Amino acid sequence: AGAPIVSTLLVSLLMVIQLIPIGIAVIAYSAASSTGLLDGGVAAMLFWIAAILLGIMSLYWITSTFFAMIIVTLPGMYPMKALRTAGDMVVGRRLRILLRILWMFLCVVITWAIILIPFILLDSGLKRIWTQIEGVPIIPVVLLVLGTFSFIWTASYVYLLYRRVVDDD
């Protein structure tokens, strides 16, 4: 059903806005590392403290936005109401929810590494031995399957986490 697509896009846009502090930290890191600012002890320490604080701020904001993306798909729900409801749901549980979401991303990254690295090694070895299979897209197909699996698994994980938070008093 395409009914909540505009509301979901608005909540996604807000999530992108909430990620701006991390983007600023990445841009600052790029500028600081290219100028050699991070070579000194005190300057590097102050930079990393500021970068970590910006990252924590973004993670704090997007924790409730993950749930708002699910809540906004409910019938009769508007983006701002979904954001308020999600904010009320995560009060007092924000750290546990954030750790669960970070665990989800860690599981996806580890799964990708465990599956993709052997396929890359196998692909390069086979193409070195048999030059006739140079045009066979093994890695793009594996990436497509992994991307599809990851999308389905993360959507299911976030929804089950949402249901667990809703059912928890």
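The second largest pocket of this predicted model is lined by Arg93, Arg96, Ile97, Arg100, Leu161, Arg164, Val165 and Asp168. A pocket here is an open set of points, on a 1 Å grid over the protein atoms alone, with protein on both sides within 12 Å along at least five of seven lines, and lining residues have an atom within 4 Å of a point. The space in the second largest pocket is about 170 Å³, a volume being the space filled by probe spheres set on the points, with a probe of 1.4 Å. By class, this lining has three nonpolar, no polar and five charged residues; Ala, Val, Leu, Ile, Met, Phe, Trp, Tyr, Cys and Pro count as nonpolar, Asp, Glu, Lys and Arg as charged, and the others, Gly among them, as polar. Helix 5 and helix 6 each supply at least two residues of the lining, where helices are DSSP runs (H or I) of at least four residues, numbered from the N terminus.

The largest pocket holds about 360 Å³ of space. Its lining consists of Thr8, Phe66, Met69, Ile70, Met104, Phe105, Ser150, Phe151, Thr154, Ala155 and Val158. Eight of these residues are nonpolar, three are polar and none is charged. At least two residues come from each of helix 3, helix 5 and helix 6 (138-167), and helix 6 gives the most, with five residues.

The packing of these helices can be considered next. The axes of helix 3 (residues 41-71) and helix 5 (residues 94-129) come within 10 Å and cross at roughly 80 degrees; axes are lines fitted to C-alpha atoms over the stretch in contact, and angles run from 0 to 180 degrees between N-to-C directions. Helix 3 is therefore roughly perpendicular to helix 5, a term for angles of 65 to 115 degrees. Leu59, Tyr60, Thr63, Ser64, Phe66 and Phe67 of helix 3 meet Arg94, Ile97, Leu98, Ile101 and Phe105 of helix 5, contact meaning heavy atoms within 4.5 Å. This contact has eight nonpolar, two polar and one charged residues.

Helix 3 also packs with helix 6, at an angle of about 95 degrees and with the axes 10 Å apart. These two helices are therefore roughly perpendicular to each other. Phe66, Phe67, Ile70 and Ile71 of helix 3 make the contact with Val158, Tyr159, Leu161, Tyr162 and Val165 of helix 6. By class, that contact has nine nonpolar, no polar and no charged residues.

Residues are numbered from 1 along each chain as its sequence is written, and side-chain values use heavy atoms, with hydrogens and water left out. In this predicted model, local features need pLDDT of at least 70 and side-chain atom pairs count only at pLDDT 80 or more, whereas totals for chains, interfaces and linings use all residues.

How values were computed. Angles under 35 degrees count as roughly parallel, over 145 as roughly antiparallel, 65 to 115 as roughly perpendicular and the rest as oblique.
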